[in-house]
Amino acid sequence: MAATAYSVALLGGARLPAVPRSGLLPRRSSVCTLRLQDAPRLSLLRTKAASSEDSSASADELIEDLKAKWDAVEDKPTVLLYGGGAIVALWLTSVVVGAINSVPLLPKILELVGLGYTGWFVYRYLLFKESRKELATDIESLKKKIAGTE
């Protein structure tokens with residue numbers, strides 16, 4: 001009743017025609033009915049849940065593997081320093097992105113710049129067969145440089 005009074009007040013005294021509730025939702029029996037013909041398909045959908053022993057065994061193996069790798073590290077303070085630095089860099093990046101996002105027009109301008117660059121990249125490297133081959137060779141040479149095989 002409160003919702004009806006609210007809608008009447010919102011519409012300035014005009015009343016909407018009443019709609020029967022049964023017309024809004026489908027009947028429950030038509031939604032939940034299963035036919036005999038569906039039985040073979042339902043048997044294909046059965047899945048077997050993994051036992052908790054398998055998942056706990058893999059979790060134990062993971063923990064043991066991590067312990068072994070941590071014990072093999074020789075310079076633990078440096079690893080902790082790099083990890084802390086990465087967390088601080090991630091936090092600082094989040095703060096900078098939040099500050100940029102709060103400037104009214106800047107996010108939309110950056111979105112347009114990104115769309116323009118995406119369009120240029122598609123035109124330059126993906127649209128034609130020769131340019132796709134060029135991109136593939138550039139990626140392969142970059143992989144070789146990173147791996148140190150070049």
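User: Why is Tyr125 called buried?

Analyst: Tyr125 has a relative accessible area of 16%, and buried means under 20%, so Tyr125 is buried. The model is a predicted one.

User: How do you know that the charged end of Arg124 sits over the ring of Tyr125?

Analyst: The charged end of Arg124 is 4.7 Å from the centre of the Tyr125 ring. The distance limit is 6 Å, and CZ of Arg must also be within 35 degrees of the ring normal. The Arg124 and Tyr125 pair is listed as such a contact.

User: What makes Arg124 and Glu134 a salt bridge?

Analyst: Their side chains come to 3.1 Å, N to O, and the cut-off is 4 Å, so the pair qualifies.

User: Why do Arg124 and Glu134 count as partly exposed?

Analyst: The relative accessible area is 31% for Arg124 and 32% for Glu134.

User: How many salt bridges does the rule give, and what makes Glu140 and Lys143 one of them?

Analyst: The count is two. In Glu140 and Lys143 the closest N and O atoms are 3.4 Å apart, and the limit is 4 Å, so this pair is a salt bridge too. Glu140 and Lys143 are three residues apart in helix 7, so about one helical turn separates them. Residues three or four places apart in an α-helix point the same way, because there are 3.6 residues a turn. Glu140, at 40% relative accessible area, is partly exposed, and so is Lys143, at 48%.

User: What makes the length of helix 7 close to the expected one?

Analyst: Helix 7 has 19 residues, and its first and last C-alpha atoms are 27 Å apart. At 1.5 Å a residue the expected value is 27 Å. Just after helix 7, Gly148 has a positive phi of about 85°.

User: Why is the pair of Tyr117 and Trp120 called tilted?

Analyst: The structure as a whole has five aromatic pairs. In the pair of Tyr117 and Trp120 the centres are 5.6 Å apart and the planes are at 35°. Centres must lie within 6.5 Å, and planes count as stacked under 30 degrees and as edge-to-face over 60, so an angle of 35° is tilted. Tyr117 and Trp120 are separated by about one turn of helix 6, because they are three residues apart.

User: Why is the pair of Trp120 and Tyr125 called edge-to-face?

Analyst: The planes of Trp120 and Tyr125 are at 90°, with 6.1 Å centre to centre. The angle is over 60 degrees, so the pair is edge-to-face. Trp120 is partly exposed at 42% relative accessibility. Ring pairs join Trp120 and Tyr125 with Tyr117 and Phe121 in a cluster.

User: Why does Val88 count as exposed?

Analyst: Val88 has 51% relative accessibility, and exposed means over 50%, so the label holds. Val88 lies in helix 5 and belongs to a nonpolar patch on the surface, whose residues together have about 1100 Å² of accessible area. Other residues of the patch include Trp91, Ile100 and Leu110.

User: Which helix supplies the largest share of the nonpolar patch?

Analyst: Helix 5 does, with six residues. Helix 5 (76–102) and helix 6 (106–126) each supply at least two residues.

Note on methods:
Residues numbered from 1 in each chain as written. Predicted model: local features only at pLDDT ≥ 70, side-chain atom pairs only at ≥ 80, totals over all residues. Heavy atoms only, no water. Patch = residues over 30% accessible without salt bridge, like charges linked within 9 Å, V, L, I, M, F, W, Y side chains within 5 Å. Areas by Shrake-Rupley, 256 points an atom, 1.4 Å probe, with all protein chains shown as cover. Helix = DSSP H or I, 4+ residues; strand = E, 2+ residues; numbered from the N terminus. Buried < 20%, exposed > 50% of the residue type's maximum accessible area, 1.4 Å probe, protein only. Expected span 1.5 Å × (residues − 1). Phe/Tyr/Trp six-rings, centres within 6.5 Å; stacked < 30°, edge-to-face > 60°.
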